[in-house]
2 protein chains.
Amino acid sequence: MMIEIERKFLVDTNLWCPKDSGNLIVQGYLSTDKERVVRVRIKGERAFLTIKGKTQGISRIEMEYEIPVNEAEILMQMCHDFPVRKKRFVEEIHGMTWEIDVFEHKNAGLVLAEVELSAENEKIELPNWVTQEVSADYRYFNAWLSEHPYATW
Amino acid sequence: MMIEIERKFLVDTNLWCPKDSGNLIVQGYLSTDKERVVRVRIKGERAFLTIKGKTQGISRIEMEYEIPVNEAEILMQMCHDFPVRKKRFVEEIHGMTWEIDVFEHKNAGLVLAEVELSAENEKIELPNWVTQEVSADYRYFNAWLSEHPYATW
């Protein structure tokens, strides 16, 4: 995808609970610069190098390239600060794919839900377990969380 | 290649002259951080995303991934400062491959020759047109030149 359009919400964990065991994601940042984020992600048996541009509204340029896991492991060691670890759960709701990220380690306690849109003004039906929208709040960007973990807020 | 071992020299342009028309290289930087350089390079009809680690002696980790040229063009616009432009000439000398970079635009006047080694202590025969060795001088790193062009030295 070249343009990522995404809305992000906090999750009420009294109302949401995981339906499966999720997938572990570990990701680090070679650049946390808001205008040119460079992310290394290992997700199970696959790894990706992703570049994200400046967020404009709820859109940003995103380029993703699959890379060998062993190379991603080396790149991960070259990253800023500590990697972000989270379990990702995927749910189809009202025809939309929601990704619920349950953060671990220094970001434990944070649960975010994201949904990708095909247009900024696309109407979506919100599940009952989302609360505050945080799409534009940079503190909830994973790059920010890698340097300012939730435990320190 | 996972480890790049390289020596770099200034070139006496009274003694060296190009034998062909060379290849234009345009490259920009998503990160100029010395410990995690992220470079976007367009070289003719091909493009690459390259990550380089901290230089230790004359060695550094290097990971390179080929990417579509149209995506590289978008990434180039997201880069720091201005792209570095140079003509690259390749010569085989005493069994070694030398790359001679003739810089353009704001780095015009600078000509560097690089040779890749298979070990740090590998013996090489220097061509008569190289002068001072600048392998360890960060000012001659292309990432540095992208922010501090030769014309401003």
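This is a predicted model: local features need pLDDT of at least 70, side-chain atom pairs count only at pLDDT 80 or more; totals for chains, interfaces and linings use all residues.
The same surface serves both copies, since 100% of the contact residues of chain A recur in chain B, where contact requires that the C-beta atoms of two residues, placed from the backbone, lie within 7 Å.

Chain A has two helices and nine strands, defined as DSSP runs (H or I, at least four residues, for helices; E, at least two, for strands) numbered from the N terminus. Along the sequence these elements follow the pattern β-β-β-β-β-α-β-β-β-β-α. The radius of gyration of chain A, taken over C-alpha atoms, is 15 Å, close to the 15 Å that the globule rule gives for 153 residues, so the chain is as compact as a globular protein of that length; the rule is 2.2 Å times the number of residues to the power 0.38. Along the principal axes, the C-alpha atoms of chain A fill a box of roughly 40 × 30 × 30 Å.

Of the 153 residues of chain A, 32% count as buried, a residue being buried if 20 or more other C-beta atoms, placed from the backbone, lie within 10 Å of its own. Among contacts in chain A with a separation of 6 or more, 59% are accounted for by residues 24 or more positions apart.

Residues are numbered from 1 along each chain as its sequence is written, and chains are lettered from A and ligands numbered from 1 in the order in which they are written. Local features need pLDDT of at least 70 and side-chain atom pairs count only at pLDDT 80 or more, whereas totals for chains, interfaces and linings use all residues.

Notes:
A residue is buried if 20 or more other C-beta atoms lie within 10 Å of its own, exposed if 12 or fewer, and partly exposed in between; C-beta atoms are placed from the backbone.
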